[in-house]
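Me: Let's go through this one together, one question at a time. Here are the sequence and the model.

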Amino acid sequence: MAKLRPIKVSIFTVLVISALVSMSECAKKPASVARKEDIPFIKCQVCEKLAAQLHHQVEKKRAEIQPKKISEYQIIEITENVCNLKKAEADWILLIDIVEQGDKLQLVEQESEGQCNSECKTIERACQEVLGYSDTDVAEYLYKSKPDIGSFVNYLCKDLSTVCSIKPPPVPKDRTPGEVFVPKSSKEAEMEKILKSMEGMPGAPGMKMYSRDDLMNMKNFGGEDGEEEDDDDDEAQFPSKLGKALRDKESTKSDLKQKITHGIVKTKDTLKKHANKVSNWLRQRWRGLKKAASKKSTKAGKAEL
């Protein structure tokens with residue numbers, strides 16, 4: 001029986017693998033894309049929901065940091081992320097289903113987050129088109145004016161973007177229906193939140209979600225007998241390698257210390273030489289001035305006689 005190897009994976013990796021292996025049984029699905037043709041029918045509704053979300057998230061942040069005042073930068077951070085599904089600020093999009101009702105498309109909010117397919121991507125794209133490059137203007141308005149929700153909806157959807165100033169066109173009768181809203185499991189929703197919160201953290205770059213088959217097919221996943229022997233050799237050599245690394249580190253520190261000391265001594269000698277030169281020059285200059293003053297006083301005394 002092969003001896004157990006010490007655990008070398010990070011805590012993050014253990015958490016992700018243990019959670020995802022139990023919950024992801026299906027293979028990866030192809031990435032969904034936004035249905036651009038649906039955007040004109042939902043743009044006003046998306047703007048209204050976007051305005052409500054921005055107002056809610058800013059007020060929530062304001063309450064979280066009390067008694068400190070919320071900064072304009074913190075509001076800009078919210079406006080920059082609220083239409084980006086990779087960020088937690090855009091999780092509100094995952095709660096919305098696009099439902100066809102007669103010649104209209106309605107945004108219907110669900111109780112739990114759903115799988116992000118083409119409808120999810122369509123709402124994200126509409127949100128980005130509404131906000132455009134005005135995220136900093138919107139943040140400034142929220143920061144300075146502190147509007148109520150009604151005033152902010154009018155500002156964003158009628159004054160700034162005008163997307164709600166005109167009635168949306170009727171939906172074509174031959175429109176291809178969208179996919180059915182599929183709620184996520186609680187484990188999956190929680191795991192995605194963890195991954196989003198870990199994005200950009202040192203030691204956890206580019207974390208992704210994998211199915212069980214993906215994990216089992218990964219190179220070296222599960223281990224082989226020959227690989228275990230190689231790992232055992234590596235483990236046996238680990239103390240000597242660590243010692244060498246530490247000695248190299250100490251040697252580097254010593255060299256750096258010597259260089260710094262040498263530089264300080266050299267600088268000190270240079271400054272001392274310059275100080276001596278300046279001192280000598282001042283002495284000579286002072287003697288010259290004294291001689292000149294003495295000659296003038298002697299000539300003045302002879303003239304009086």
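This is a predicted model: local features need pLDDT of at least 70, side-chain atom pairs count only at pLDDT 80 or more; totals for chains, interfaces and linings use all residues.

Me: To start, is Cys44 buried or exposed, and what is the relative accessible area?

Reply: Residues are numbered from 1 along each chain as its sequence is written, while side-chain values use heavy atoms, with hydrogens and water left out. Buried means under 20% relative accessible area, exposed over 50%, and partly exposed in between, with a 1.4 Å probe and protein chains only. By that scale Cys44 is buried, with a relative accessible area of 19%.

Me: Which residue forms a disulfide with Cys44?

Reply: A disulfide is a pair of cysteine sulfur atoms within 2.5 Å. Here the two sulfur atoms are 2.0 Å apart, and the link is right-handed with 110° about the S-S bond. The partner of Cys44 is Cys164.

Me: How many residues apart are Cys44 and Cys164?

Reply: Helices (H or I, at least four residues) and strands (E, at least two) are DSSP runs, numbered from the N terminus. Cys44 sits in helix H2 (residues 39-64) and Cys164 in the loop between H6 and helix H7 (186-198). The pair links distant parts of the chain, and the separation is 120 residues.

Me: Which elements hold Cys47 and Cys157?

Reply: These two cysteines form a disulfide with sulfur atoms 2.1 Å apart. With -105° about the S-S bond, the link of Cys47 and Cys157 is left-handed. The pair ties together parts that are 110 residues apart in sequence, Cys47 in helix H2 and Cys157 in helix H6.

Me: Why is the disulfide of Cys116 and Cys120 left-handed?

Reply: The S to S distance of this pair is 2.2 Å. Cys116 counts as partly exposed at 30% relative accessibility, whereas Cys120 is buried at 6%. The disulfide of Cys116 and Cys120 is left-handed because the torsion about the S-S bond is about -85°.

Me: What pattern do the disulfides of the protein follow?

Reply: The count comes to four disulfides. With bonded cysteines counted along the chain, the pattern is 1-8, 2-7, 3-6, 4-5.

Me: On to the helices: how are H5 and H6 oriented to each other?

Reply: Axes are lines fitted to C-alpha atoms, for helices over the stretch in contact, and angles run from 0 to 180 degrees between N-to-C directions. Angles under 35 degrees count as roughly parallel, over 145 as roughly antiparallel, 65 to 115 as roughly perpendicular and the rest as oblique. H5 (residues 135-145) packs against H6 (residues 149-160) at about 150°, with the axes 12 Å apart. That angle makes H5 and H6 roughly antiparallel.

Me: By class, which residues make up the contact of H5 with H6?

Reply: Contact means heavy atoms within 4.5 Å, and H5 contributes Asp137, Val138, Tyr141 and Leu142, while H6 brings Ser151, Phe152, Tyr155, Leu156 and Leu160. Ala, Val, Leu, Ile, Met, Phe, Trp, Tyr, Cys and Pro count as nonpolar, Asp, Glu, Lys and Arg as charged, and the others, Gly among them, as polar. The contact of H5 with H6 therefore sorts into seven nonpolar, one polar and one charged residues.

Me: Which residues of H2 and H3 make the contact?

Reply: The axes of H2 and H3 (residues 72-81) come within 10 Å and cross at roughly 145°. The residues of this contact divide into four nonpolar, three polar and one charged. From H2 they are Leu54, Gln57, Val58 and Lys61, and from H3 they are Gln74, Ile75, Ile78 and Thr79.

Me: What kind of peptide bond joins Gln66 and Pro67?

Reply: Most peptide bonds are trans. Pro67 is found in the loop between H2 and H3. Omega here is about 10°, and the bond between Gln66 and Pro67 is cis.

Me: Is Lys146 buried or exposed?

Reply: Lys146 is found in the loop between H5 and H6. Phi of Lys146 is near 45°, a positive value in a residue other than glycine. With a relative accessible area of 54%, Lys146 is exposed.
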